[in-house]
There are 2 protein chains.
Amino acid sequence: MKLTMNQTWNQHVVKKGNKSLVLETIKDHSPISRAETANRTGLNKGTVSSLVSELLEEQLISESGPGVSSGGRRPVMLLFNQLAGYSIGIDIGVNYLLGVLTDLQGNICDEKRESYTDLTYEEIKVKLFDIIDYLTNAAPPSPYGIVGIGVGVPGTVSNTGEILLAPNLEWKNIHLQAVLERKYQVPVVIENEANAGAYGEKRFGAGKDLEDIIYVSAGIGIGVGLILNGSLYKGNNGFSGELGHMTIEVDGKKCRCGNKGCWELYAAEQALLSNAAKLPDAPDQPTLENLSKLADDGDEQVIRLFEQVGDYLGVGLNNIINIFNPQQVIIGNRMASAKKWLRDPLISRMVNQTLWFQQKDLQIQFSELSTHSTALGVAAFSVENFFKVDLQNQVV
Amino acid sequence: MKLTMNQTWNQHVVKKGNKSLVLETIKDHSPISRAETANRTGLNKGTVSSLVSELLEEQLISESGPGVSSGGRRPVMLLFNQLAGYSIGIDIGVNYLLGVLTDLQGNICDEKRESYTDLTYEEIKVKLFDIIDYLTNAAPPSPYGIVGIGVGVPGTVSNTGEILLAPNLEWKNIHLQAVLERKYQVPVVIENEANAGAYGEKRFGAGKDLEDIIYVSAGIGIGVGLILNGSLYKGNNGFSGELGHMTIEVDGKKCRCGNKGCWELYAAEQALLSNAAKLPDAPDQPTLENLSKLADDGDEQVIRLFEQVGDYLGVGLNNIINIFNPQQVIIGNRMASAKKWLRDPLISRMVNQTLWFQQKDLQIQFSELSTHSTALGVAAFSVENFFKVDLQNQVV
DNA sequence: CTTGTTTGTCTACTGAATAAACAAAGTTTA
DNA sequence: TAAACTTTGTTTATTCAGTAGACAAACAAG
């Protein structure tokens with residue numbers, strides 16, 4: 001329980017909190033009876049009954065048939081009505097667009113992916129509209145319809161929703177949120193891709209029920225999403241998690257950020273590709289995909305490239321562990337696909353360097369959601385927002 | 001307002017929250033009338049009146065004489081009764097013990113300092129008892145007496161209050177909390193020195209009213225205390241903030257932690273002293289104090305040593321800023337005394353390397369509380385705890 | 001002296017949670 | 001099969017905290 005609030009406490013707050021608690025309980029333990037809900041929440045049976053009837057009226061839950069008796073009257077089972085509304089989540093990558101339509105539980109109902117190369121903002125915007133239109137039409141009729149649109153971008157997003165800088169897209173100061181909200185008339189969330197991915201993993205992936213999770217989004221560069229004390233930490237202006245530009249070599253390679261020795265120059269896809277180009281029998285156009293294939297075919301040189309990157313990933317992970325003492329570190333985004341080659345050197349670097357008590361209760365994982373964590377994460381943001389707002393507008 | 005709670009909401013919670021809100025308002029704006037309190041909190045006048053009368057009964061506040069009228073009946077001014085109890089805060093350094101006695105507002109009422117070299121745990125414990133006894137006797141009679149004892153130690157403390165490892169003291173697995181609680185029969189908090197310092201600075205120092213503060217405790221080594229989203233982040237087991245062992249040179253100097261290139265090898269007191277020993281006309285026993293003196297006397301070589309350390313401090317600060325996007329970074333502990341020589345190289349390293357939007361709204365400070373932040377911080381922990389517990393035990 | 005304002009208390013009311021009674025719908029036991 | 005016990009979910013009376021508004025006391029200004 002946290003009492004970090006600077007506003008008045010009154011019974012409306014109490015009711016809202018309890019209603020949310022009941023809904024959450026039903027969501028997580030569906031199908032569940034009123035009596036069992038009362039037990040789990042600690043609320044009085046009568047209170048639960050009255051809150052449940054409100055939730056039924058709002059169509060957020062529904063009654064299914066009677067359940068099995070445990071020696072008395074058979075309970076009426078309650079189901080979370082995950083189809084009461086839908087959420088759209090978009091992951092804007094450097095060379096692809098991924099859109100998902102999820103229900104309120106985060107299940108993917110439909111998805112659409114498009115690839116491209118070298119498009120301008122205006123051109124991407126057209127494709128973005130297409131995908132959103134498609135997903136909107138794909139949503140079945142429901143009481144609440146599309147409850148929101150979330151967008152994850154590979155760049156820094158201010159707390160006001162403005163995309164300040166997305167270097168790999170060459171975007172600068174773009175207020176996509178306003179554009180989308182005007183066009184679609186629903187709440188829009190714009191979020192950094194790593195933050196969204198971290199949230200996606202916490203809700204649906206490897207990080208379920210954990211409080212302190214560090215999600216390392218390793219693609220061309222490295223961004224990091226921080227789940228601390230159970231919630232996303234975004235920093236003062238929303239720019240936290242730029243661990244890709246953490247110095248790991250004081251006089252190292254020059255980075256375009258103006259600094260030297262940044263982690264992502266050694267441990268991200270860009271390192272792999274530029275090192276591959278230097279190989280004596282280098283592939284013409286090295287990509288993560290064809291390098292993976294070469295490694296699978298047993299190319300020792302390429303395997304060593306992966307191992308080197310894995311080792312450097314371990315260096316950064318070591319820093320992360322010393323800094324945050326997390327419960328879990330998740331490697332996500334494109335580089336996660338090379339788990340097979342990266343995992344061992346990464347782990348061995350870490351085990352040798354981190355103190356024993358830091359490694360206690362620590363999990364190192366590769367993303368379970370593969371390429372979907374960001375899209376699912378932003379979609380979940382909208383759903384969360386919807387509940388926060390909806391539970392306030394009570395049926396009067 | 002945060003609704004991150006998994007327990008029932010009932011009117012007791014409401015009352016407790018509002019009572020705490022009223023007390024906080026009176027604490028921060030004393031002297032203040034009931035009417036003004038009602039205005040500031042948004043609570044009803046009657047509600048404030050009733051909560052105030054309870055707080056009066058508990059002697060946590062008191063009524064002073066009538067204030068000046070603003071065109072009507074003169075208000076009765078309320079004062080926070082900071083002398084209703086006292087708190088003891090102890091900073092266990094590598095070669096000193098500092099104990100402070102504070103009132104409930106955090107004002108220092110008495111303090112005692114002792115220096116020593118190379119004492120065992122048992123020997124230090126004797127001195128520790130002496131200081132606590134002295135401060136206990138120094139506390140004037142008050143309704144609540146000593147409300148708690150806080151201890152800051154230069155090492156890792158588990159969430160259960162056990163000191164796992166304090167390398168510079170050569171302590172290992174010491175359960176000081178149990179010892180002190182048994183002896184003094186009051187709540188005891190053991191906390192890492194950097195965490196305590198961070199909290200001290202937030203409450204009483206440079207970081208007042210800020211939400212995201214990184215406190216860099218630079219002494220022999222470097223520890224970091226993290227105030228994120230307004231509260232101390234301690235990590236999964238309480239071992240966060242070991243930024244001293246963040247790698248900044250992949251193949252750098254060997255550290256006793258088993259790793260190479262740790263930040264504290266380059267940017268802490270140990271770097272300064274070992275570099276000083278290599279100077280052609282090195283002082284016999286280089287210490288921070290006599291090196292400072294040499295620098296003040298214009299010794300170019302020594303000044304350059306400080307500048308080098310300042311530069312390396314900047315490297316780590318750059319990482320901190322990229323990782324956390326904080327509102328404020330505070331350099332504290334012994335090295336803060338060399339502000340004069342460290343500040344410029346540190347700032348210039350940072351300005352050149354950090355992106356413009358990271359530097360927006362960012363303050364770099366040296367500690368205002370000088371050597372007192374840790375002791376004040378742990379003392380404040382006890383006070384906070386006292387209020388949390390006390391407001392629950394209502395006058396029935 | 002009158003009028004208007006501010007302060008703080010008091011009373012009646014509201015809304016939410018709770019405890020306990022109760023009816024309905026089962027199961028278990030003799 | 002009937003009586004006794006259990007579980008579920010609703011209903012009723014009660015408690016408790018906050019609110020609105022009336023009110024008296026204390027003061028300022030014309």
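## Ground rules

Residues are numbered from 1 along each chain as its sequence is written, while chains are lettered from A and ligands numbered from 1 in the order in which they are written. In this predicted model, local features need pLDDT of at least 70 and side-chain atom pairs count only at pLDDT 80 or more, but totals for chains, interfaces and linings use all residues.

Helices (H or I, at least four residues) and strands (E, at least two) are DSSP runs, numbered from the N terminus.

Chain A superposes on chain B by a rotation of 180°, with 0.0 Å of shift along its axis and an RMSD of 0.1 Å. The two copies are thus related as by a two-fold rotation axis. The same surface serves both copies, since 100% of the contact residues of chain A recur in chain B. The superposition is by least squares on the C-alpha atoms of residues with pLDDT of at least 70 in both copies.

## Where the chains meet

How many residues of chain A are in contact with chain B? There are 56, and they touch 56 residues of chain B. Contact here means that the C-beta atoms of two residues, placed from the backbone, lie within 7 Å.

H10(A) gives the most, with six residues. By class, this side has 21 nonpolar, 29 polar and six charged residues. Ala, Val, Leu, Ile, Met, Phe, Trp, Tyr, Cys and Pro count as nonpolar; Asp, Glu, Lys and Arg count as charged; the others, Gly among them, count as polar.

## Around the DNA

DNA strand C is surrounded by 31 residues, and the closest are Arg73(A), Gly46(B), Ser49(B), Gly72(B) and Arg73(B). A residue is near a strand if its C-beta atom, placed from the backbone, lies within 6 Å of it. H1 and H3 of chain A, with helix H2 (34-41) and H3 of chain B, each give two or more residues to the surface near DNA strand C. H1(A) gives the most, with five residues.

DNA strand D also has 31 residues around it, and Gly46(A), Ser49(A), Gly72(A), Arg73(A) and Arg73(B) come nearest. Which element gives the most to the surface near DNA strand D? H1(B) does, with five residues. The surface near DNA strand D divides into six nonpolar, 17 polar and eight charged residues.

Now to helix H9 (residues 288-296) of chain A. Leu291(A), Leu294(A) and Ala295(A) are buried there. A residue is buried if 20 or more other C-beta atoms lie within 10 Å of its own, exposed if 12 or fewer, and partly exposed in between, with C-beta atoms placed from the backbone.

Just after H9(A), Gly298(A) takes a positive phi of about 95°.

## A five-stranded sheet in chain B

Five strands of chain B form an open sheet in the order E14-E13-E12-E15-E16, with mixed pairing. Two strands pair if DSSP finds at least two bridges between them. Strand E14 (231-232) and strand E16 (363-366) of chain B are the edge strands, each pairing on one side only.

Strand E12 (residues 213-218) and strand E13 (residues 222-228) of chain B pair in the antiparallel sense over six bridges. A hairpin through three residues joins E12(B) to E13(B). Five bridges join E12(B) to strand E15 (residues 328-332) of chain B, and this pair runs parallel. Ser217(B) stands opposite Gly223(B) in E13(B), and its bridge partner in E15(B) is Gly332(B).

Is E12(B) covered or open? It is mostly covered, with six of its six residues buried. Ile213(B), Tyr215(B) and Ser217(B) point one way, and Ile214(B), Val216(B) and Ala218(B) the other way.
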